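Let's take a friendly walk through the side-chain contacts of this protein. Have a look at the sequence and the model first.

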Amino acid sequence: RAIRMVAYADESLRVAALQAGDVDMIEYVPWQSMAAIEADPKLKLDAKPGPFMALAFNGGTGPFKDPRLRQMTGWAIRREEIVQAAFFGRGTPMLGMPMPPDFSDEARAKFFRYDPDRAKALMKEAGVAGGFECSLLSTAQYGMHKSTAEIVQQHLGEIGVKVKLVMPDWATRVALGNKGQYEFCVQGTTADNNDPDGLNSLLNGQLPPSNSRSFALPTPKLDELFQKGRGEGDLAKRKAIYAALEQEALDVATLVPLAWRSQ
């Protein structure tokens with residue numbers, strides 16, 4: 001027996017191959033095709049939430065060195081529009097950090113919401129009340145990244161932030177992300193963890209540069225709390241540690257959540 005792997009870069013061709021019986025299974029089912037697959041008696045759709053879209057930042061240069069401007073993006077975006085445009089309704093707005101359910105807190109899980117007045121107030125505090133220009137790294141190769149970037153650009157434009165989109169192919173997008181050659185970027189990843197320590201690779205700016213987290217954004221307090229939680233065995237004490245860690249991550253906006261997606 002053997003397994004044959006076929007790469008279909010085009011989403012519609014990938015679905016057509018499944019429908020025609022040329023392949024037995026596909027992954028990354030396009031969200032616009034999920035309903036048709038569900039309705040086909042010959043096919044079965046197996047999807048679950050867990051992956052999500054977010055914004056990451058360059059903390060070493062550019063406007064997003066200022067945590068107030070990182071936080072500003074979290075209050076300026078209507079996340080429901082990302083869910084509809086990028087995922088055809090197959091997702092939900094994401095308002096907080098992707099904490100495991102046993103460590104989640106309802107208030108912190110709903111920290112961000114659409115509040116353009118609060119976003120403008122943060123811009124004023126940061127000395128750019130009249131707006132500013134910046135560039136957003138994404139990719140045109142995958143619809144979910146492209147649509148997410150376009151909506152972020154539109155919504156920030158509404159409060160005076162002029163966003164230039166940088167949309168190379170995916171390989172270039174990853175290379176630029178690893179080198180920190182961006183001001184902020186659209187990030188797509190998953191954090192379906194059973195323990196908050198799994199978020200270390202996404203939030204901890206003390207780790208070496210990586211495409212999976214913000215670049216040159218120091219987070220010494222987060223690093224300290226991750227280490228403290230890792231060394232604590234008492235569940236109640238660990239919950240208190242990770243509650244503080246979650247709030248710190250929201251305050252410094254090392255990552256700004258956008259939308260959960262079904263996959």
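## Salt bridges

This is a predicted model. Asp105 is partly exposed, with a relative accessible area of 27%, whereas Arg108 is buried at 16%. The structure holds 12 salt bridges.

Another of these joins Glu150 and Lys146, with 2.7 Å from N to O. Both residues belong to helix α7 (residues 143-157), and because they are 4 residues apart there, about one helical turn separates them. Glu150 counts as partly exposed at 32% relative accessibility, and Lys146 counts as partly exposed at 31%.

## Around Arg78

Arg78 is buried, with a relative accessible area of 18%, while Glu81 counts as partly exposed at 30%. Glu158 joins in as well: Arg78, Glu81 and Glu158 are linked in a network of salt bridges.

The charged end of Arg78 also sits over the ring of Tyr114, 5.2 Å from the ring centre.

## Helix α3

Helix α3 spans residues 67-75 and is mostly covered, with 7 of its 9 residues buried. Among the buried residues are Leu69, Met72 and Trp75. At the start of the helix, a side-chain oxygen of Asp66 reaches to within 2.8 Å of the backbone nitrogen of Arg68.

## Aromatic pairs

Now for the rings: the count comes to 11 aromatic pairs. In one of them, the rings of Phe64 and Phe132 have their centres 6.1 Å apart and their planes at 70 degrees, so the pair is edge-to-face. Phe64 lies in the loop between β1 (51-57) and α3, and Phe132 lies in strand β3 (residues 132-137), so the pair ties together parts that are 68 residues apart in sequence. Phe64 counts as buried at 0% relative accessibility, and Phe132 counts as buried at 12%.

How are the rings of Trp75 and Phe111 arranged? Their centres are 5.5 Å apart and their planes stand at 50 degrees, so this pair is tilted. Trp75 lies in helix α3 and Phe111 in the loop between α5 (106-109) and α6 (116-125), so the pair ties together parts that are 36 residues apart in sequence. Trp75 is buried, with a relative accessible area of 0%, and Phe111 is buried at 16%.

Finally, Phe57, Phe64, Phe132 and Phe184 form one aromatic cluster.

Conventions: Residues are numbered from 1 along each chain as its sequence is written. This is a predicted model: local features need pLDDT of at least 70, side-chain atom pairs count only at pLDDT 80 or more; totals for chains, interfaces and linings use all residues. Side-chain values use heavy atoms; hydrogens and water are left out. Buried means under 20% relative accessible area, exposed over 50%, partly exposed in between (1.4 Å probe, protein chains only). Helices (H or I, at least four residues) and strands (E, at least two) are DSSP runs, numbered from the N terminus. A polar contact is a pair of N or O atoms within 3.5 Å; within protein, one must be able to donate a hydrogen and the other to accept it, and residues adjacent in sequence count only if both atoms are side-chain atoms. A salt bridge is a side-chain nitrogen of Lys or Arg within 4 Å of a carboxyl oxygen of Asp or Glu. Rings of Phe, Tyr and Trp (its six-membered ring) pair if their centres lie within 6.5 Å; planes under 30 degrees apart count as stacked, over 60 as edge-to-face and the rest as tilted. A charge sits over a ring if NZ of Lys or CZ of Arg is within 6 Å of the ring centre and within 35 degrees of the ring normal.
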